[in-house]
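Here are some friendly notes to read alongside the model. Keep the structure open and follow the points in order.

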Amino acid sequence: MATTEEFEAAVAKVKTFTKDPGNVKKLALYGLYKQATVGDVTGKKPGVLKVADRAKWEAWASLEGVSAQDARADYVQLVEEIAQQQ
């Protein structure tokens with residue numbers, strides 16, 4: 001389990017990345033962040049013409065039911081994996 005402080009440190013660390021981790025990892029980070037900070041996805045699924053918004057919504061929706069604690073821990077772990085590749 002990641003503490004709130006570890007999660008906040010990981011969020012700050014993402015802003016220091018110099019290499020683009022790629023869309024798949026960025027979407028995973030987005031979904032985990034939203035699940036950790038907001039909870040289950042809200043709102044309607046964006047239309048097919050809003051590609052980026054739809055991808056973000058789907059990344060978040062895929063984590064429905066995951067606890068905030070688990071999402072924080074997964075987020076911290078993913079940030080560490082990406083940081084090793086920087």
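1. Let's begin with one residue. Leaving aside neighbours within four places in sequence, Glu6 is in contact (heavy atoms within 4.5 Å) with Met1 and Val76. Glu6 sits in helix H1, where helices are DSSP runs of H or I with at least four residues, numbered from the N terminus. At 39% relative accessibility, Glu6 counts as partly exposed; buried means under 20% relative accessible area, exposed over 50% and partly exposed in between, with a 1.4 Å probe and protein chains only. Glu6 and Tyr30 are 24 residues apart in sequence, and their C-alpha atoms are 17 Å apart in space.

2. A word on the source. This is a predicted model, in which local features need pLDDT of at least 70 and side-chain atom pairs count only at pLDDT 80 or more, while totals for chains, interfaces and linings use all residues. Residues are numbered from 1 along each chain as its sequence is written, and side-chain values use heavy atoms, with hydrogens and water left out.

3. Which residues of helix H1 (residues 4–14) are buried? They are Phe7, Ala10 and Val11. These residues lie on the same side of H1 because they cover an arc of only 100° around the axis, taken from the directions from the helix axis to the C-beta atoms. The buried residues of H1 pack against H2 and H4.

4. Now for helix pairs. Two packed helices are described by the angle between their axes and the distance between the axes. The axes of H1 and H2 come within 13 Å and cross at roughly 145°; axes are lines fitted to C-alpha atoms, for helices over the stretch in contact, and angles run from 0 to 180 degrees between N-to-C directions. Phe7, Val11 and Val14 of H1 meet Leu29, Tyr33, Ala36 and Thr37 of H2.

5. How do H2 (residues 23–37) and H4 (residues 68–84) cross? Their axes come within 8 Å and cross at roughly 150°. That makes H2 roughly antiparallel to H4, a term for angles over 145 degrees. The contact includes Leu29, Leu32 and Tyr33 of H2 and Tyr75, Leu78 and Ile82 of H4.

6. Finally, look at helix H3 (residues 51–61). Its buried residues are Trp57, Ala59, Trp60 and Ala61, and what covers them includes H2.

Note on methods:
Helices (H or I, at least four residues) and strands (E, at least two) are DSSP runs, numbered from the N terminus. Angles under 35 degrees count as roughly parallel, over 145 as roughly antiparallel, 65 to 115 as roughly perpendicular and the rest as oblique.
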